[in-house]
Amino acid sequence: MRFPLKLTANLTKYIASKRFHGEKRFPLVMMLEPLHACNLTCTGCGRIREYKSTINEMLTVEQCLAAMEDCGAPVVSICGGEPTIYPELGRLVREVLDRGRHIYLCTNGMFIRKRLHEFKPSSSFFWNVHLDGLERTHDLAVEREGVFGEAIEGIRAAKAAGFLVCSNTTIYKETDLHEIAELFAYLYDLGVDGYMISPSYSYAAVQTKDIFMSREEVREKFQQACHLLEKYNLMTSPIYLEYLRGERELMCTAWGNPTYNPRGWKGPCYLMTDAHHATFQEFLEKTPWDEYGRGRDPRCQDCMVHVGYEPSAVLGAHRKLGDNWKMLRWQLNGRMGGARGKKQGVNGSGNGGANGHGTGPNGSYAGGNGSIAGHTDLVSADGSLRVL
Ligand code: SF4
């Protein structure tokens, strides 16, 4: 199976219940940003630029949980900023899992080894590591040497400890897709369970605009990407991929992936900010949804990002006969675990497995390698975050 069975079953039940009750707009994945601070300054990142003035602000765990209950999405993507510099990340993850939600913990991978001991493997919890290429390319994109190497060591440690791990790759205009195929082959050998790919976001706050793609460029790039990468356990849905390849149209359903951060519910979407709302209901009701999307707002013209269109296949208009069958086949045809899963015959029931602690087989990961600052070093004595 492509995803853990429990995740698929819970999502299916949730969607059926929402449809049964006639709800027109409801969330699938909550993008939870407990903080915007990061230890890196990646070229294509809009967050650290847009929220520069509030970069030291953090949500409390209680605020995160209240927002999660307010929204009700079955999947929580913990992102930021860099969540692994959030001091109470271990408690936040435990509390979210205790409430029956599924988590993707999105990280640049620098502090996985340092913080692994705070988590237990679970079929509801994925480490989601951002990698935009092999070592040289990735370190260039994140503007710091050694990031790729540390992220890989983090992945190794997480896999050795029995965690589910997926990778997340942004495709830019300059991305060499043959290099991404090499990257995936490498990650496959490490036992990585799945791979997400999405086109770069044209953040308003990022000045280096020439790295982003037009719609035509996205289509060309993804035709090639699918050809080279589809043999891997892609976690990007086949319907969204059809849209990216230019084989079908979808309407934006940004309310399916709402973002919550220290300023509130961000409207209309992860990418653009026209307002922040105090409650999820206010976000749903006060956002003028009919004014967004291609042909309605010039800022949406070239947008094909997953937060706007990945939920559309399930939630939006333009669904086609046979889409449900296509999604089911896709789920059944996948296989987690990479080369490791192949050897062990992983069938996708997805237990994150093993010992539940952050040490490698020889204990070598317990204290990190000393070259990376521990998370406590990232918090000043007054509790504010120290931006590196
Ligand atoms: S089309 Fe893109 S930029 Fe526009 S509202 Fe949807 S997700 Fe946001």
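So, P268 sits in strand β8, where strands (E, at least two residues) and helices (H or I, at least four residues) are DSSP runs numbered from the N terminus. A cis peptide bond joins G267 and P268, with omega at about 10°. Keep in mind that this is a predicted model: local features need pLDDT of at least 70, side-chain atom pairs count only at pLDDT 80 or more, and totals for chains, interfaces and linings use all residues. Residues are numbered from 1 along each chain as its sequence is written.

Which strands does β8 pair with? Two strands pair if DSSP finds at least two bridges between them. On one side of the sequence there's β7, residues 259–261, which pairs with β8 in the antiparallel sense over three bridges. N261 stands opposite G264 in β8, and the hairpin from β7 to β8 goes through two residues. Then comes β9, residues 273–277, which runs antiparallel to β8 and is joined to it by four bridges. G81 lies in the loop between β2 (75–78) and α4 (89–98). For background, most residues other than glycine have a negative phi, and most peptide bonds are trans.

That brings me to E143, which has a positive phi of about 60° although it is not a glycine. You'll find E143 in the loop between α6 (135–141) and α7. Is E143 buried or exposed? E143 counts as exposed, because it has 12 C-beta neighbours inside 10 Å.

Next, helix α1, residues 5–20. The expected span of a helix is 1.5 Å times one less than its number of residues. For the 16 residues of α1 that gives 22 Å, and the end C-alpha atoms are 22 Å apart, which agrees. Just after α1, G22 takes a positive phi of about 70°.

Let's zoom out. The protein chain has 15 helices and nine strands. Of its 388 residues, 47% count as buried. Two residues are in contact if their C-beta atoms, placed from the backbone, lie within 7 Å. Among contacts between residues at least 6 apart in sequence, 78% join residues at least 24 apart.

What about the core? A nonpolar core is a set of buried Ala, Val, Leu, Ile, Met, Phe, Trp, Tyr and Cys residues joined through C-beta atoms within 7 Å. The largest one has 101 residues, and those with the most contacts inside it are M30, V76, I103, F126, A158 and V165. Helix α7, residues 147–160, gives the largest share of this core, seven residues. Take F126: leaving aside neighbours within four places in sequence, F126 is in contact with I103, Y104, L105, L164, V165 and C166.

Last stop, the ligand. Which residues are the closest to the ligand? They are C252, C269, C300, C303 and G308, out of 14 that surround it, where near means a C-beta atom, placed from the backbone, within 6 Å. That shell divides into 11 nonpolar residues, two polar and one charged. Here Ala, Val, Leu, Ile, Met, Phe, Trp, Tyr, Cys and Pro count as nonpolar, Asp, Glu, Lys and Arg as charged, and the others, Gly among them, as polar.

Definitions and conventions: Buried ≥ 20, exposed ≤ 12 C-beta atoms within 10 Å, placed from the backbone.
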